[in-house]
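Let's take a friendly walk through a protein model together. Have a look at the picture first, and then read on.

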Amino acid sequence: MCFSYDARLGIRLPSFSGTWEELSLLEQTAILVTWEKIRGTIPDRIEEIERKINKLQNALYREENFEKSCKLNSDIAELASIINDLWIWYRAGDDITISA
């Protein structure tokens with residue numbers, strides 16, 4: 001069972017070779033149990049990123065320097081992209097089942 005840390009998303013993601021069906025029932029179960037634990041942390045991770053976005057937005061509202069405003073806007077967009085990707089991974093667990 002392999003999970004690798006994704007620094008951009010701040011969570012571990014499944015990483016195994018082959019197909020799901022090629023894994024043994026024991027391996028599938030272990031992966032699902034681990035993934036559900038990781039998946040459960042995603043809403044908290046999203047909330048953490050949303051707090052960062054709010055701070056950056058507040059700074060953006062006060063910023064008068066155009067170049068700094070552009071940088072803040074870019075940082076906000078990147079964080080929003082991370083949130084989008086985290087939601088995709090969160091929903092990915094909904095349709096995975098153990099093969100019998």
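Cys70 lies in helix α3. Helices here are DSSP runs of H or I with at least four residues, strands are runs of E with at least two, and both are numbered from the N terminus. A quick word on ground rules: this is a predicted model, where local features need pLDDT of at least 70 and side-chain atom pairs count only at pLDDT 80 or more, while totals for chains, interfaces and linings use all residues. Residues are numbered from 1 along each chain as its sequence is written, and side-chain values use heavy atoms, with hydrogens and water left out.

Back to Cys70: with a relative accessibility of 36%, this residue counts as partly exposed. The cut-offs are simple: buried is under 20% relative accessible area, exposed is over 50%, and partly exposed is in between (1.4 Å probe, protein chains only). From the C-alpha of Cys70 to that of Leu60 is 8.8 Å, and the two residues sit 10 apart along the chain.

Ser69 is found in helix α3 too. Is Ser69 buried or exposed? Its relative accessible area is 15%, so Ser69 is buried. If you ignore neighbours within four places in sequence, Ser69 is in contact (heavy atoms within 4.5 Å) with Leu60 and Glu63. Gln57 is 12 residues away from Ser69 along the chain, and their C-alpha atoms are 9.8 Å apart.

## The whole chain

Now zoom out. The protein chain has three helices and two strands, and if you read along the sequence they come in the pattern β-β-α-α-α. Its radius of gyration is 18 Å, well over the 13 Å that the globule rule gives for 100 residues, so the chain is more spread out than a compact globule. That radius is taken over C-alpha atoms, and the rule is 2.2 Å times the number of residues to the power 0.38. Along the principal axes, the C-alpha trace spans about 60 × 20 × 20 Å.

How much of the chain counts as buried? Of its 100 residues, 26% do. Contacts tell you something as well: among those with a separation of 6 or more, 60% come from residues 24 or more positions apart. As for the surface, the chain exposes about 6800 Å², and carbon and sulfur atoms supply 54% of that. Areas like this come from the Shrake-Rupley method with a 1.4 Å probe; for residues, only the protein chains shown count as cover.

## Charges and salt bridges

How many salt bridges does a search of the whole structure find? It finds seven. A salt bridge means a side-chain nitrogen of Lys or Arg within 4 Å of a carboxyl oxygen of Asp or Glu. Here are some of them:

| Salt bridge | N to O distance |
|---|---|
| Arg8 and Asp85 | 2.6 Å |
| Glu47 and Arg51 | 3.2 Å |
| Glu48 and Lys52 | 4.0 Å |

Take the Arg8–Asp85 salt bridge, with its closest N and O atoms 2.6 Å apart. This pair links distant parts of the chain: Arg8 is in the loop between β1 (3-6) and β2 (11-14), Asp85 is in helix α3 (residues 66-92), and 77 residues separate them. Arg8 is partly exposed at 32% relative accessibility, and Asp85 is partly exposed at 23%.

Helix α2 (residues 42-62) holds Glu47 and Arg51, which are four residues apart and so separated by about one helical turn. Glu47 is partly exposed, at 44%, and Arg51 is partly exposed, at 45%.

Glu48 and Lys52 are also four residues apart in helix α2, so about one helical turn lies between them. Glu48 has a relative accessible area of 32% and is partly exposed; Lys52, at 40%, counts as partly exposed. Elsewhere, salt bridges that share partners join Arg8, Glu78 and Asp85 into one network.
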